[in-house]
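Please look over the two chains below before reading the points that follow. The notes start with helix packing and then turn to each chain, the contact between them and the confidence of the model.

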Amino acid sequence: MNVMEILSYGFIQRALLAGTLIAVLCSVLGVFLVLRRLSLIGDGLAHVTFGGTAIALSLKLYSASSLLVSLPVVLLSSLGILKLTEKARVGGDSAIGIVSALGISAGIILASMGGGYNVDLLSYLFGNILSITTQEVGIAFVLFCVVLLLLSLFFNDLFAIAFDEELARVSGIRTSTINAVLVLLTALSVVLAMKLVGIMLISSLLILPAVSALQLARSFKACVALAALQGGCSVVAGIFLSFAANLPTSAMIVLLNLFFFSLAFLVRRYFSHRSKSTGTL
Amino acid sequence: MPDGIVRTERLCCSYRTGRVLEDITISVEAGDYVGIVGPNGSGKSTLVRALMGLADISDGSASLFGVPCSRFSAWGRIGYLPQSLHLLNPLFPATVAETVGLGLLSLKRFPRRLTHADRGKVDAVLEQLDIYAIRSQLIGELSGGQQQRVLLARALVNNPELLILDEPTAALDPEMRERFYALIGEINSSRRVTVLLVTHDTGAIGKFASKMLYLDKRMLFYGNFEEFCRSADMSALFGEHTQHVMCHRH
């Protein structure tokens, strides 16, 4: 089967479009999260999404309708993580752990009350981008535009806070508002990414493109662009490869991201060795 | 009483462990170069953090440009170089020019976009501090001295009226330290920028500062360097010989 044939399938077109948008968003946000050492927030919020999805499924809300429940639950939980770190003198990692445990335990209880894990819930655990509906693509597109607009409006504020939060504060930046914006955007992206790579693998889509870009980038803007490029490429290549080899798409996307990270690491090592040896000559 | 650039009145700061600053009353006028000195844990950094609204004031008052610090918002008038930046993440992917450009955000309103003219300001300050050649390098790849210059450029790029530097020379060797103090002295005199500089280095800063503030949780001395050299309190603190050595270098 050639590329054009694969592209002729509607479900592949939808997967490529939605997948690329979601991956670009996660990768860009990942740069800010990794630099702020908040990279595991995606994992925590994904667990909350599991709880939110379990609630939605127990209310007989499926596919796009499940977002009506999971989106507000995850948005509120992301603010809960912030409040815990600001008010309860709990470290960021512990706050993520608390909210994450709450989300996953609520999900397990609701799933067992609803008669065990059904196919829908498992598809959220491991992702199933090929089953994405036109309605879900539409939602992904709208949310992509919203998140990208907010990111571009707050780009320099986010950059300044990633560099040094106190310094940003005394530059007149409302750091608590911008932190809230960052976790809310992350929450939106996590809910979208749930369908792409699943709850178990979401953090890899936030972390791997960002850390790969950090290996190679020669400026902050280049770092954001490289992360977005890797995220998008890994989804496109992952969908084609998984379709050709009949393997799970989500795992293929994550493995490709790992491959890109290894490549970036080796390239950086090679050039840093080369510049050292040139310097000693 | 006219509004000074910085004014504190019986200022006290406390942490959970107890009071770290007590009864500090100072007035800093335009063009002053104040060296804030004292032993470890004497409250030097707490004082500048309180002025910047980063540490709570438990008693007394403090103002910047006549505005109480708690309500101060004209951050574009201040250039600040905090102590914690010595722990700069070496993997942070910002170039020198991008880092310095962040200093202009205090002059911007939402959405804080940098213009072509802003890039010109960044280039000008990089040239002034003799680091234009490294403008495209990543800040994490620079030596301690170069990083310090970049962070100073970041603090200066908005053309501040007040420069607050919290132990800016901690990572530098003695020769670089002297050059740094001299550079600040030049900025102070040529641009008439008021300077508050926190340091351990009582002797070296005396060469350049117009005023000295000696803290040890309380204010032990505040005045000009000549008074510092004649102060009986400082003789009692340092011993006459040490005081003589510090002042002789001046």
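1. Helix α3 (residues 41–58) of chain A and helix α11 (residues 202–216) of chain A pack with their axes 8 Å apart and at an angle of about 160°; axes here are lines fitted to C-alpha atoms, for helices over the stretch in contact, and angles run from 0 to 180 degrees between N-to-C directions. The pair α3(A) and α11(A) is therefore roughly antiparallel, given that angles under 35 degrees count as roughly parallel, over 145 as roughly antiparallel, 65 to 115 as roughly perpendicular and the rest as oblique. The crossing of α3(A) past α11(A) is right-handed, where a crossing is left-handed if the near helix is turned anticlockwise from the far one by less than a right angle, and right-handed if clockwise.

2. On the α3(A) side, A:Gly42, A:Asp43 and A:Ala46 meet A:Ile202, A:Ser203 and A:Leu206 of α11(A), with two residues taken to be in contact if their C-beta atoms, placed from the backbone, lie within 7 Å. By class, this contact of α3(A) with α11(A) has 3 nonpolar, 2 polar and 1 charged residues; Ala, Val, Leu, Ile, Met, Phe, Trp, Tyr, Cys and Pro count as nonpolar, Asp, Glu, Lys and Arg as charged, and the others, Gly among them, as polar.

3. This is a predicted model, in which local features need pLDDT of at least 70 and side-chain atom pairs count only at pLDDT 80 or more, while totals for chains, interfaces and linings use all residues. Residues are numbered from 1 along each chain as its sequence is written, and chains are lettered from A and ligands numbered from 1 in the order in which they are written.

4. A second pair in chain A is helix α2 (residues 10–35) and helix α7 (residues 134–153), whose axes come within 10 Å and cross at roughly 25°. That angle makes α2(A) roughly parallel to α7(A), and the crossing is left-handed. Residues that make the contact include A:Leu17, A:Leu21 and A:Leu25 of α2(A) and A:Val137, A:Phe141 and A:Phe144 of α7(A); by class, the contact has 12 nonpolar, 1 polar and 2 charged residues.

5. Chain A has 13 helices and 0 strands, helices (H or I, at least four residues) and strands (E, at least two) being DSSP runs numbered from the N terminus. Its C-alpha trace spans about 70 × 55 × 30 Å along the principal axes. The radius of gyration of chain A is 19 Å, which agrees with the value near 19 Å that a compact globule of 281 residues would have; this radius is taken over C-alpha atoms, and the globule rule is 2.2 Å times the number of residues to the power 0.38.

6. Chain B, by its elements, has 9 helices and 10 strands. Its radius of gyration is 18 Å, close to the 18 Å that the globule rule gives for 250 residues, so chain B is as compact as a globular protein of that length.

7. The contact between the chains takes 19 residues from chain A and 21 residues from chain B. On the side of chain A that touches chain B, the largest share, 4 residues, comes from α8(A), and by class that side has 11 nonpolar, 4 polar and 4 charged residues.

8. The model scores ipTM 0.88 and pTM 0.88. For chain B the mean pLDDT, the predictor's confidence in each residue from 0 to 100, is 88, and 94% of its residues reach 70 or more. Among the elements of chain B, helix α9 (residues 240–248) has the lowest mean pLDDT (69). Where pLDDT is low, the predicted coordinates should not be read in detail.
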